[in-house]
Amino acid sequence: MAGTAAALLAAFSATVAKAQSAAAPTANSSETDEELKKKAAKGQTSFLAPITVTAAPEGWKNPFATPAPVSSAGEDEIQLFGQRNLGNVLRAMPGTFSRDSIQNAGLSVNIRGLEGSGRVNTMIDGVRQNFRFTGHEAQGFAYVDPALVAGVDVTRGAISTAGGAGALVGSANVRTLGVDDILTDGKNWGALATLTWGSNGVGFSEMAAGAVRSAGGGAAIAGAISYANPDNYKNGDGIEVPYTGQDRLSGLVKGEFAPTDDLTVNVGAVLYTNDFLANSYNQNIRSDTYTAGFNWDPDSELVNVSGHFYVNDVKMTYGDNAAGTANTTSGRVIEDLGIGFDLSNTSKFNLGNVAVSSTYGVEYFHDDVDAYNTWTPNSEGGVNPSGNSGIGGVFSETTFTYNIVDVIAGLRYDFYTLDGTTNVPSNNLAGLPAGNYDLDQSEGRVDPRITLALNPYEWLQPYVTYAETFRAPTISETMLGGIHPGSGPTNSYSPNPFLEPEIAKGWEFGANIKKDGLFTEGDIFRLKANYYYQNIENYIAVQNVGYVWWFVNTPGTSVIKGLELEALYDAGFAFANVSYTHAESNLPPTQNGLGVASYLPDNVFALTAGARFLERRLTVGGRVNYVGNTDAGQGFFGSTVADWDAYTLVDAFANYKFDNGLDLSLNVTNIFDKAYTPALSTLSSWTGDTGRGRTVLLTAKMQF
């Protein structure tokens, strides 16, 4: 850390003496490359700009030109608001939220009030993160270091291409740093380093990255390492919130190769380890993601083949408890080894006056879950079972364009398999047939998606979509069992090998608006709005008789509906971004994962605004977050839990970009030191407000 700090301070000293010209443009995501170049020529690109002059990463969607509810956050957004918690970035997107676990360092993405158990396909560099455990927590986490994240892309609703298999309400893909994020201005070598200090327990954290590209551009390699060790923080009342520290070390390495003009190959590894105390136990998490992919794009409009192969290995290990003593849970290990691939081709051609673009392919992901105990083997995984599951699908998405009309037809056949052994006890209160079960389940379903989009004007694109999706029951839900640690047989759990998949069917009505020169020459205005209405059949929830618990398919149909809106305005010297969500849900009032509820707040509003000075090297602004009342549903063991109260948080930020690649940022979160408990925060035995109090973050970033 000292070496990185010294390098950054030296760069700062040299820069202060000769800061003269504006910084290079930074990345974001809203225009085509040609439009971006025009905006750049007008000098509109700068910190937190809503446009970019760099090529979009693979799989990225342009939010304001896509007839679907998609959102994207770039490097600047993550640097300011996601350094401590990537969930803060998601909460500023419409229709998107995150579980705010004050102790567990994982990321649990919520879309439209649904989370956990694969309802949202959360990915790191396109790799599914299916790790799950059953406890007083979300039913699934992804583990990634915010310091290594280059962007987050979210799709709400059905997905007809790769990444859509088994996802009930959408996906979130966390993109980590790559070669193009480190190398700038066409350089063949470069480095990137950040040093951050934060008050309120944050302390120092640092990240260093480097990349090199061969002279001919045929090969490139990048690497990065990051470390952070924050302590417990204090809430708005100045009271320390216990067990909120971490000890995180992570890194990555990526390679890109172009053996021929039409073939590119990439490989990568993202490695993560963290120690923290959650669910009453000291825990270690190790999460390793490995990828290999290729793209073959010969001189033919009919052939553009992409393939990705990946491995994701996540291992959670329990140590002693918060009191420093061991019991039957100590020594528990839950490991999920996931292996998968996707393969697709895109063909473009014309049928008379109709332009056609079709993407079609196959994807599959297999999880091998092993739960055991190294200290007391008879305890095994507690209520966490072992087993195998597979999710796959064959898909196609074809866009037909004629004049001002786009018709996007998606069709996929998804299937799942579930293997394992479980026992339904003879005295179970669920009314299930007792006995031993060797599960060998498989089921498939055809899911359609159809979108009609109109382009009557260059600035307007209304659309309507009907889609269906399904989500398979998980190993944890189907083979749940055992007793609650320390409670004896009174609090017990039963498997349910008869669970059926969840099915979502619904409509979306939306529009995109893109307008340049709205008030002044060169300003830009973008707006994206949509209304959704979805029926959820066979929703899997928790049911109990007394103190016996099991998962069931809820009878009837549940409805989720709401309005999602995001808009931005940028005049170069000033800008504003707005996100708004109104959500309604009649999902069963039950905990999601035997310990948490997932309803979205009734209303969520985020406004980010600022101004640029000194030839747009200096950006000063703030963010206001309003989170409305939230229905918490039931607590653990059926206890009544008060709803989360509404709250408003105000942040402030400033950024200065020097001409030699040095970037200094100041961010003050919860500037009025408000005492609050975040919506969708995991319940704990601590009775105070768990929201973080006022925190100051200072970041020096050097890129050369």
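Five aromatic residues, Phe131, Phe133, Phe141, Tyr143 and Tyr272, form one cluster in this predicted model. Two pairs within the structure illustrate the geometry. A search of the whole structure finds 19 aromatic pairs. In one of them, the ring centres of Phe131 and Phe133 lie 6.2 Å apart. Their planes meet at 45 degrees, so the pair counts as tilted. Phe131 and Phe133 are both buried. Phe141 and Tyr143 form another tilted pair, with 6.1 Å from centre to centre and 45 degrees between the planes. Phe141 has 3% relative accessibility and therefore counts as buried. Tyr143 has 2% and is likewise classed as buried.

Phe133 is also in contact with Asn384. Asn384 is placed in the loop between strand S16 (354-373) and strand S17 (387-402). Its relative accessibility is 5%, so Asn384 counts as buried. Leaving out residues up to four places away in sequence, Asn384 touches Phe133, Thr134, Arg332, Ile334 and Ala371. With Thr134 there is a polar approach: a polar atom of the Asn384 side chain lies 2.6 Å from the backbone nitrogen of Thr134. Arg332, another of the residues touched by Asn384, has its charged end over the ring of Tyr318, 5.2 Å from the ring centre.

The nonpolar cores come next. The largest has 39 residues. Leu86, Leu114 and Ile536 have the most contacts inside this core. At least two core residues each come from helix H4 (87-90), strand S3 (109-111), strand S4 (120-124), strand S6 (149-156), strand S7 (170-176), strand S24 (524-537) and strand S31 (647-657). S6 gives the largest share, three residues. In the largest core, Leu114 is in contact with residues from several parts of the sequence. Beyond its neighbours within four places, the contacts of Leu114 are Val109, Arg119, Val120, Leu168, Val169, Ile536, Tyr539, Ile560, Leu587 and Ser598.

Charged pairs were examined in turn. Side chains of opposite charge can pair when their charged atoms come close. The whole structure holds 29 salt bridges. Arg623 and Glu77 form one of them, with 2.9 Å between the closest N and O atoms. Arg623 lies in strand S30 (residues 618-627) and Glu77 in helix H3 (residues 75-81), so this bridge ties together parts 546 residues apart in sequence. Both Arg623 and Glu77 are buried.

A salt bridge also joins the side chains of Glu508 and Arg112, at 2.8 Å from N to O. Glu508 is in strand S23 (residues 502-516), and Arg112 is in the loop between S3 and S4. This pair links distant parts of the chain, 396 residues apart. Glu508 is buried, as is Arg112. The bridge is part of a network of salt bridges that links Arg112, Arg156, Glu508 and Glu564. Arg112 also lies over the face of Tyr532, at 4.0 Å from the ring centre. A further salt bridge is formed by the side chains of Asp414 and Arg412, at 2.9 Å from N to O. Asp414 and Arg412 are both buried.

Note on methods:
Residues numbered from 1 in each chain as written. Predicted model: local features only at pLDDT ≥ 70, side-chain atom pairs only at ≥ 80, totals over all residues. Heavy atoms only, no water. Helix = DSSP H or I, 4+ residues; strand = E, 2+ residues; numbered from the N terminus. Buried < 20%, exposed > 50% of the residue type's maximum accessible area, 1.4 Å probe, protein only. Polar contact = N/O pair within 3.5 Å; in protein donor to acceptor, adjacent residues only side chain to side chain. Contact = heavy atoms within 4.5 Å. Core = buried A, V, L, I, M, F, W, Y, C linked by side-chain atoms within 4.5 Å. Salt bridge = Lys/Arg side-chain N within 4 Å of Asp/Glu carboxyl O. Phe/Tyr/Trp six-rings, centres within 6.5 Å; stacked < 30°, edge-to-face > 60°. Lys NZ or Arg CZ within 6 Å of the ring centre and 35° of its normal.
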